[in-house]
Amino acid sequence: MHNVTLIPGDGIGPEVTGATRDVVLASGAAVRFEEVLAGQRAEREAGAPLPAAVFDSIARTRLALKGPTQTPFGGDYRIHIERKDAEGRLETRSYPSIAIALRKELGLYVNVRPVRNYPGVPSRYDRVDLLIFRENSEDLYVGMERMIDEGTAEAIKIISLRATERVARFAFDYMRRLGRHKLTIGHKANVMKMTDGLFLKTAQDLAKEYPEIEVNQRVVDALCMELVMKPEEFDALLLPNLYGDIVSDLAAGLVGGLGLAPGANIGADCAMFEAVHGTAPDIAGKDRANPMATILSAVMLLRYVGEAAAGDRIEKALAEVLREKRFVTPDLGGDAGTRRMTEAIVEKLQ
Ligand code: ATP
């Protein structure tokens, strides 16, 4: 039995994670969920947006399924985490968002985001099958940002050989396992010669160990244009943190939007699965959210823990619901609610 920490999160999070729990349990997968709060509700009820209970649970389970969490915009809002260091001394670290705090504290160094077409889903393209690897621990997201004076702000971008090598190796090994052939490295090394230059060179050097994978590179702005013009020509993408964040939302748009874009954050000894989308406050609590991105994130979790058969069954059920178009949410052109769509998937599993 695999114990999985379930973090409902904010906005549409409780609706989409609740739907996902129902679907996973209906699939017969050997999974047990352990629910803990993080986000605005945790701040209200437990006095902290990321309580120690979250880390205690993940330390036990090594697996988490997470709904989106809301971090307030602007100002100097930071997430403070008190943790014991190796010698048992209490240390406080601070981060710009809950998602970043979790990824850094848990050492989740790569974000994997598959993007593909599903028959029945309205979309501008019909042969997209992309695998995006986003570096998850550094770049402009290290949170080193400050006001120099009232009219000037500064942010620091960090790219290291170690982190780049780690994410690139993960990408190559992952592609090798899946039999995928072509990796495009996205960067801006023509302008950021040191940082993105190091990212590009490190990934290209490592590529020599994987001769069966064709490796090419694109400046990220040109990459965005080509993705919009001929997405079916790309197989896998490797990107530093910030470009990876932006390009994966763009890619989600190529196949029908954020409602179908899952993700996995993977580290050396634990993994956290979450959809690409955010809290969608405009539709929260209205039974309008599409739960499929989170359900597909759970499918990635099931494959990761060796429950591939259950994962395949769920993906098949979901694809049937999409193809039939009877019970799909408004973002996919239907009029079913989150709950009805979830029931339809569960019915297919029975
Ligand atoms: P956050 O600040 O948490 O990122 P956001 O609203 O800025 O929230 P998203 O949550 O990613 O960003 O939402 C962007 C748009 O996509 C919103 O209009 C939202 O309604 C829509 N959206 C996102 N996720 C879903 C979903 N699962 N189902 C339906 N619509 C969604």
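**Entry 1: the ligand shell.** I kept in mind that this is a predicted model. I first listed the residues around the ligand: Ile12, Leu258, His277, Gly278, Thr279, Ala280, Pro281, Asp282, Ile283, Ala289, Asn290 and Asp331. Sorting this shell by class gave me six nonpolar, four polar and two charged residues.

Entry 2: Next I looked up which atoms pair with the ligand. I found a backbone N or O atom of Ala280 at 2.8 Å from an oxygen atom of the ligand. Asp282 uses its side chain instead, with a polar atom 2.9 Å from a ligand oxygen atom. For Asn290, I noted a polar backbone atom 2.9 Å from a nitrogen atom of the ligand. I then checked the cover: on its own the ligand has 600 Å² of accessible area, and the protein covers 65% of that.

**Entry 3: H1 against H9.** I turned to the helices and started with H1 (residues 13-26) and H9 (residues 292-304). Their axes come within 8 Å and cross at roughly 45°, so I logged H1 and H9 as oblique to each other. The crossing of H1 past H9 is right-handed.

**Entry 4: H9 against H10.** How do H9 and H10 pack, and at what angle? I read about 155° for H9 and helix H10 (residues 308-324), with the axes 7 Å apart. An angle over 145 degrees counts as roughly antiparallel, so that is how I described H9 relative to H10. Here H9 passes H10 in a left-handed crossing, whereas H1 passes H9 in a right-handed one.

Note on methods: Residues are numbered from 1 along each chain as its sequence is written. This is a predicted model: local features need pLDDT of at least 70, side-chain atom pairs count only at pLDDT 80 or more; totals for chains, interfaces and linings use all residues. Side-chain values use heavy atoms; hydrogens and water are left out. A residue is near a molecule or strand if one of its heavy atoms lies within 4 Å of it. A polar contact is a pair of N or O atoms within 3.5 Å; within protein, one must be able to donate a hydrogen and the other to accept it, and residues adjacent in sequence count only if both atoms are side-chain atoms. Accessible areas come from the Shrake-Rupley method with a 1.4 Å probe; for residues, only the protein chains shown count as cover. Ala, Val, Leu, Ile, Met, Phe, Trp, Tyr, Cys and Pro count as nonpolar, Asp, Glu, Lys and Arg as charged, and the others, Gly among them, as polar. Axes are lines fitted to C-alpha atoms, for helices over the stretch in contact, and angles run from 0 to 180 degrees between N-to-C directions. Helices (H or I, at least four residues) and strands (E, at least two) are DSSP runs, numbered from the N terminus. Angles under 35 degrees count as roughly parallel, over 145 as roughly antiparallel, 65 to 115 as roughly perpendicular and the rest as oblique. A crossing is left-handed if the near helix is turned anticlockwise from the far one by less than a right angle, and right-handed if clockwise.
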